[in-house]
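Morning, everyone. I'll take you through a few places in this structure, one at a time. Please have the view open.

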Number of protein chains: 2
Amino acid sequence: MAETIYKASTTAPVNIAVVKYWGKRDPKLNLPTNSSLSVTLSQADLRTLTTATCSASYQGQEDSLILNGEPSDIKGARTQACLRELRAKRAALEAENPSLPKLSTLPLRIVSENNFPTAAGLASSAAGFAALVRAIADLYELPSSPTELSLIARQGSGSACRSLFGGYVAWRAGERDDGLDSKAVEVAPASHWPSMRALILVVSAAKKGVSSTSGMQQTVATSDLFKGRVANVVPAHMAAMEAAIKDRDFAKFAEVTMKDSNSFHACCADTYPPIYYMNDVSRAAVRAVQAINEAAGKTVAAYTFDAGPNAVIYYLEEDSAPVVGTFYNLLQSTDGWKDEAKSYSSTATQLDETTSTLLKEGVSRIIMTGVGEGPIKTDQHLV
Amino acid sequence: MAETIYKASTTAPVNIAVVKYWGKRDPKLNLPTNSSLSVTLSQADLRTLTTATCSASYQGQEDSLILNGEPSDIKGARTQACLRELRAKRAALEAENPSLPKLSTLPLRIVSENNFPTAAGLASSAAGFAALVRAIADLYELPSSPTELSLIARQGSGSACRSLFGGYVAWRAGERDDGLDSKAVEVAPASHWPSMRALILVVSAAKKGVSSTSGMQQTVATSDLFKGRVANVVPAHMAAMEAAIKDRDFAKFAEVTMKDSNSFHACCADTYPPIYYMNDVSRAAVRAVQAINEAAGKTVAAYTFDAGPNAVIYYLEEDSAPVVGTFYNLLQSTDGWKDEAKSYSSTATQLDETTSTLLKEGVSRIIMTGVGEGPIKTDQHLV
């Protein structure tokens, strides 16, 4: 007889922090040394689609995960922690209501796909774990809120907890040893400040950098300056950033975004041995943003860099001309531009030759996107 | 009738800090935010030669300075402060002893020459002001000690106060508002640890960086992490470095040297807007030093970077083979190698291709030198 196959599918977004997560106070539970804050990016441009299924017909099989068409290891402690907690929540529902099918006892088959190349070096683990947790929570029909699920996703990948919400999202570091207060909360929905845009300059790293997982712990262990970042810099940046978002104050948003990126990479450079994620192309992007703001006579663009050389440049839709125009004028032969970019090329800021040459030779791909929604349930099943 | 021309000539050395001076608590008096420590480099390779003269036959003329064959501005506040203090000391001697010629009343003619191209981007102002002060002090036959003269040279260029001594030199930041306790002292003479060598990789900067004078004050004003450097990092580095020098402990000397350079450049990157002195070539030199130390199984080389992309690599003479050998093997077509370098090429550490390519394309000149003596009186007059 044919057994039912239960399934649920969801998409989840990438998020790019404007106050950075760097350093764990508890590596096992992914408890961070400091709070962080990010902007969720539109899933029209960057998203992970995940289908979670379970069925009695899978009996005798192990849980499995297919990622971008390739069988992927699901046995890792981080993934296992997520599955264990989700099954426990389902089992609790089944215990309360015996009429529910015992899905918690069935093997899981999970299939996941990104709509962007992992090669882009964009943190895909955040979207991946957010989609995994959200899809299984839907499959199990858990009543859990996004914040409750963020406690689970956090154990898969720290920054994944922020991808359970759209818009502007804070991850509160929390203080408890069990991590039950280390969770994501919505600072403001995308609709509060919908004109936020992000232009991503994908820079090919000449040399693979230190992984963020090991890099951040080297910083915690060896950087003397990092202590000041955790104790003073980040708390001030979190407060200023939340106020800037509530007030839709782009100049303040941009200043804190750039200062926090500077502070994060300064702590990487102060690590022993030093960690360098930004290269000369990244620094050229910094100079370009400075030149654009100077030419505009006000702050219309803000750079931020994660654990790699890619530049993420935040700007408001109404300032597309000076920001997009300058980079399109310089990099129009690069892949990834949307048609609208062409209309801004006439409003380009002139950049010095060193900066222009570095960007032309070093930027391999463009991604144009903006603030977006959180995970979205879909009937587009991959199984 | 022919008037007597009084003259005195001296040479003065360059110094490269291993605990960096960055930030002034009093820009007018050049009082630093923190103490610093440097190694004086051999004048056989890098030195300024200065002749100071005065004569009644110059009556009616203004003080003048010829630097590397070009008339140079002597009216600057910093130079004037040095001349004023030196003349005051001479005038005091003349008041005590009326038989002394009244040199303090005569116009000065000063001629100065470096034996290295200013283009090399090596802090020539330190050697320049040290030579200027030492030469005039000799001309005036002042009984002042090098530490007393360091109070004067400091007002010309902060790091110049350290070039009045050979060997290993500390500049005590001091606490007094009048700066009378902000002076240089000898930590150890060159003879205490004579095997210290320095290999300088001159890297052509693609873009002129921010001057250290303005850069350091931007850091003081805007870097939140800098507060931690001044309050905690530098005091710890000063104590550890002085102990390492007294014990001739190269591993410790190297660790503190590299950590302090990392900390200094981290604070530059945390400045708003950020200041970047190191480039991808500089970072390749960092990786090369790491590779050399790993291959040696112990610390045989230490990198440090001032306010520019040049790498200064300290090592001990007995470790010339792995250190010089590696760089000579890679950069033998570059100008500046001494003959001895050839004999080490067979002991080179293999560097990864990215690192090798960056160094080959980015290093424009080599300077091989080592720890050396302080200012030396000479009869080789430029007038």
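Contact here means heavy atoms within 4.5 Å. Helices (H or I, at least four residues) and strands (E, at least two) are DSSP runs, numbered from the N terminus. Keep in mind that this is a predicted model: local features need pLDDT of at least 70, side-chain atom pairs count only at pLDDT 80 or more, and totals for chains, interfaces and linings use all residues. Residues are numbered from 1 along each chain as its sequence is written, chains are lettered from A and ligands numbered from 1 in the order in which they are written, and side-chain values use heavy atoms, with hydrogens and water left out.

Start in chain A, with helix α3, residues 146-156. Buried means under 20% relative accessible area, exposed over 50%, and partly exposed in between, with a 1.4 Å probe and protein chains only. Eight of the 11 residues of α3(A) are buried, so the rest of the structure largely encloses this helix. Among them are A:L149, A:I152, A:R154 and A:G156. What do the buried residues of α3(A) pack against? Three strands of chain A are on the list: β4 (31-32), β10 (168-171) and β11 (184-188). So are the helices α1 (77-96) and α2 (124-139) of chain A.

Next, a helix pair. Two packed helices are described by the angle between their axes and the distance between the axes. Axes are lines fitted to C-alpha atoms, for helices over the stretch in contact, and angles run from 0 to 180 degrees between N-to-C directions. In chain A, α5 (residues 224-246) and α6 (residues 250-269) pack at about 165 degrees, axes 9 Å apart. That makes the two, α5(A) and α6(A), roughly antiparallel. The cut-offs: under 35 degrees is roughly parallel, over 145 roughly antiparallel, 65 to 115 roughly perpendicular, and the rest oblique. Residues of α5(A) in this contact include A:V234, A:H237 and A:M241. On the α6(A) side, A:V256 and A:D260 are among those they meet.

Now A:V19, in strand β2 (residues 15-19) of chain A. Buried or exposed? A:V19 counts as buried, at 0% relative accessibility. Leaving out residues up to four places away in sequence, A:V19 touches A:V234, A:H237, A:M241, A:V256 and A:D260, among others.

Over to chain B. Helices α8 (residues 320-331) and α9 (residues 353-362) of chain B pack at about 70 degrees, with axes 10 Å apart. That makes α8(B) roughly perpendicular to α9(B). B:F327, B:L330 and B:L331 in α8(B) meet B:S356, B:L359 and B:K360 in α9(B).

B:A12 sits in strand β1 (residues 5-13) of chain B. B:A12 is buried, at 0% relative accessible area. B:R134 is 122 residues away from B:A12 in sequence, yet their C-alpha atoms are 8.1 Å apart.

Last stop: B:D63, in the loop between β6 (47-55) and β7 (64-67) of chain B. At 19% relative accessibility, B:D63 counts as buried. Which side chain does the B:D63 side chain make a polar contact with? The partner is B:R87, at 2.8 Å. A polar contact is a pair of N or O atoms within 3.5 Å; within protein, one must be able to donate a hydrogen and the other to accept it, and residues adjacent in sequence count only if both atoms are side-chain atoms. The backbone nitrogen of B:L108 also lies 2.8 Å from a polar atom of the B:D63 side chain.
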